[in-house]
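Please look at the sequence and the model first.

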Amino acid sequence: MPNTASAKKKLRQAKKRTLRNRLVKAKVKAAIKKFNEALQSQNVENIKTALIGAVKALDKAAAKGVIHKNSAARKKSRLYKKLKQLSIAV
């Protein structure tokens, strides 16, 4: 347990940030999962909207500093790669 007032405040701030970061990461994971499910259904409209949502969630997370910008870029690249493989297969 923190003893000083400043340490107590830092603990409160850390808890807030942790909660906020978890929510943002959960949104990113949900968006990516939705995109993967849309790929399985092979509905073009669903795939497009899910891809836009996933990219938007990744960009927001990177802008907020929740995930690193290179991590977001890598994940977006993998999403586009999956989309490209599907269009070749279909």
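## Basis

The model is predicted; local features need pLDDT of at least 70, side-chain atom pairs count only at pLDDT 80 or more, and totals for chains, interfaces and linings use all residues. Residues are numbered from 1 along each chain as its sequence is written, and side-chain values use heavy atoms, with hydrogens and water left out.

## Helix H1

Helix H1 covers residues 5-41 and helix H2 covers 44-64. Helices are DSSP runs (H or I, at least four residues), numbered from the N terminus. The end C-alpha atoms of H1 lie 54 Å apart, which agrees with the 54 Å that its 37 residues should span at 1.5 Å a residue. That expected span is 1.5 Å times one less than the number of residues.

The buried residues of H1 are Val24, Val28, Ala31, Ile32, Phe35, Ala38 and Leu39. Buried means under 20% relative accessible area, exposed over 50%, and partly exposed in between (1.4 Å probe, protein chains only).

## Packing of H1 and H2

The axes of H1 and H2 come within 8 Å and cross at roughly 160°. Axes are lines fitted to C-alpha atoms, for helices over the stretch in contact, with angles from 0 to 180 degrees between N-to-C directions. The two helices are therefore roughly antiparallel to each other, a term for angles over 145 degrees. On the H1 side, residues making the contact include Val24, Lys27, Val28 and Phe35; on the H2 side, Ile47, Ala54, Leu58 and Lys64 are among them. By class, this contact of H1 with H2 has 14 nonpolar, 3 polar and 3 charged residues. Ala, Val, Leu, Ile, Met, Phe, Trp, Tyr, Cys and Pro count as nonpolar, Asp, Glu, Lys and Arg as charged, and the others, Gly among them, as polar.

Contact means heavy atoms within 4.5 Å.

Leu58 belongs to H2 and counts as buried because its relative accessibility is 0%. With neighbours within four places in sequence left aside, the contacts of Leu58 are Val28, Ile32, Ile67, Ala72, Lys75, Lys76 and Leu79.

## The loop at Gln42

Gln42 sits in the loop between H1 and H2. Most residues other than glycine have a negative phi. Gln42 is not a glycine, yet its phi is positive, about 60°. Its relative accessibility is 49%, so Gln42 counts as partly exposed.

Technical notes: Parallel < 35°, antiparallel > 145°, perpendicular 65-115°, else oblique.
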